[in-house]
Every structure is written in C-alpha cells, then in structure tokens.
Amino acid sequence: MSERTYRTYLFPLWIRLWHALNAVLILTLGTTGLSLHFADPALPLVGFELAVRIHNACGVALTITYLGFLVANAVSGNARHFFPCSPGFLSALRAQLGWYACGIFRGAPHPHEPTPAAPFNVLQAITYAGVMYALLPVLIASGLVFLYPELAPARLFGFDGLLPIALLHYFAAMALLLFLLTHIYLGTTGKSVGQMFRAMISGWHVH
C-alpha cells in the first residue's frame with residue numbers, strides 16, 4: 001500500500017451479509033420469475049413446478065431479510081444515509097449528475113469521496129431510498145398477495161382482483177432487475193474495476 005493510499009471502514013458486517021444474501025435472493029427470484037413468464041415450456045430455465053417452489057421460498061426469505069434490514073437500519077442509525085438533507089444537497093446532486101453524464105467519460109475525479117458520515121453520494125442515496133422504501137415494499141406486498149390469493153380483492157379497477165396486482169408485481173420486478181444491472185455496472189466505476197466490490201466484501205474503502 002502506497003503512502004498516498006489510506007482506508008476507511010464504511011460497511012459493517014451486518015450490511016455486507018445482508019447485501020450478499022439480498023443479491024442471491026433477487027437473482028434467484030429473477031431467474032425463476034423469468035422462467036415462469038417467458039421460457040419455452042419445452043426448454044424452461046427451471047422446471048415450472050420447481051420454479052414455483054423456489055420463487056415462493058425466496059420471496060418469503062426476501063420478506064424476512066427486508067424486515068430485518070428495516071429494523072437494523074433504524075436501530076443502527078444507518079437509515080440517515082438514505083435521506084441526505086445537507087444545505088449543499090442540490091449542488092451535490094447537479095455535480096453527481098454531471099459526472100455520470102459526462103465527467104466519468106473524461107476521467108474527471110469523482111465529486112464525492114465516501115466517508116463514514118456519508119458513504120453514498122446524493123444520487124446513490126436517492127436511488128437506494130427509492131428501491132428500499134418504495135420499490136421493494138411494492139414488490140413484496142404484491143408477491144405475498146399471489147402467495148395468499150385470498151388476500152386479493154374480488155375486483156380491482158374493473159378487473160379480476162389479481163390482474164392489476166400481477167401487473168404491478170411484474171413491473172416492480174422488471175424495475176428491480178434494471179436497478180440490479182445498473183448497480184453492478186456502476187460498481188465498476190471506482191478507481192479500479194474491483195474497488196467498490198472489494199469494499200462491499202471487506203467493509204474497507206481504499207482511497
């Protein structure tokens with residue numbers, strides 16, 4: 001390690017374990033969900049009956065881990081990182097948008113250096129808050145209605161009660177998979193391709 005390099009501990013163990021488990025569950029749910037919706041019945045990604053069992057089990061597991069995340073995030077104080085409200089919020093947001101749109105391709109320095117007090121840049125914080133406090137609750141709630149269809153209303157918006165919920169679940173799942181792909185790509189935009197991935201494994205961010 002060079003003299004100019006130093007490390008900051010950003011991600012405690014519980015976040016790293018939750019993050020890894022969450023990634024596995026979402027990837028499994030995405031694979032089985034796509035198999036249920038789009039695979040050729042003669043050549044499924046996963047057999048239909050097995051895909052249903054795995055999808056349901058992972059959906060329940062995601063619900064449990066999500067509730068655990070909410071509790072741990074609130075108790076630890078980590079939730080404050082998802083809702084930045086500093087006086088320079090708008091200027092930081094403009095700088096971050098400009099970097100992602102243009103600066104990243106010109107080799108410009110990143111406008112935000114992660115610290116324990118602010119591990120996320122403002123755009124990350126907004127996105128993560130939207131995913132964790134809006135998108136995931138919609139996905140989980142709609143999935144639970146499918147698991148327990150007796151919870152669905154008989155009619156909704158003039159349709160069979162399950163149809164609007166099915167569409168909501170589908171579009172929420174597509175949005176989450178799009179976020180996941182974007183999340184993985186942006187994870188490669190550190191000072192090296194693996195810098196951010198190593199930080200989520202070890203907890204240490206190398207400056």
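This is a predicted model: local features need pLDDT of at least 70, side-chain atom pairs count only at pLDDT 80 or more; totals for chains, interfaces and linings use all residues.
Residues are numbered from 1 along each chain as its sequence is written. Local features need pLDDT of at least 70 and side-chain atom pairs count only at pLDDT 80 or more, while totals for chains, interfaces and linings use all residues, and side-chain values use heavy atoms, without hydrogens and water.

**Overview. The protein chain has 6 helices and 4 strands.** Helices (H or I, at least four residues) and strands (E, at least two) are DSSP runs, numbered from the N terminus. Along the sequence their order is β-α-α-α-α-β-β-α-α-β. The C-alpha atoms fill a box of roughly 60 × 40 × 35 Å along the principal axes.

**Close-up 1. Asn22 sits in helix 1, residues 13–38.** Asn22 counts as buried because its relative accessibility is 9%; buried means under 20% relative accessible area, with a 1.4 Å probe and protein chains only. Beyond its neighbours within four places in sequence, Asn22 is in contact (heavy atoms within 4.5 Å) with Leu62 and Thr65.

**Close-up 2. The largest nonpolar core holds 27 residues.** Such a core is a set of buried Ala, Val, Leu, Ile, Met, Phe, Trp, Tyr and Cys residues joined through side-chain atoms within 4.5 Å. Those touching the most other members are Phe11, Leu62, Phe82, Phe120, Met132, Leu136 and Leu176. Helix 4 (122–147) is among the helices that each supply at least two residues, and the largest share, 9 residues, comes from helix 4.

**Close-up 3. Here is Leu136 with its partners in contact.** Leaving aside neighbours within four places in sequence, Leu136 meets Leu62, Tyr66, Val131 and Leu176.

Methods: Buried means under 20% relative accessible area, exposed over 50%, partly exposed in between (1.4 Å probe, protein chains only).
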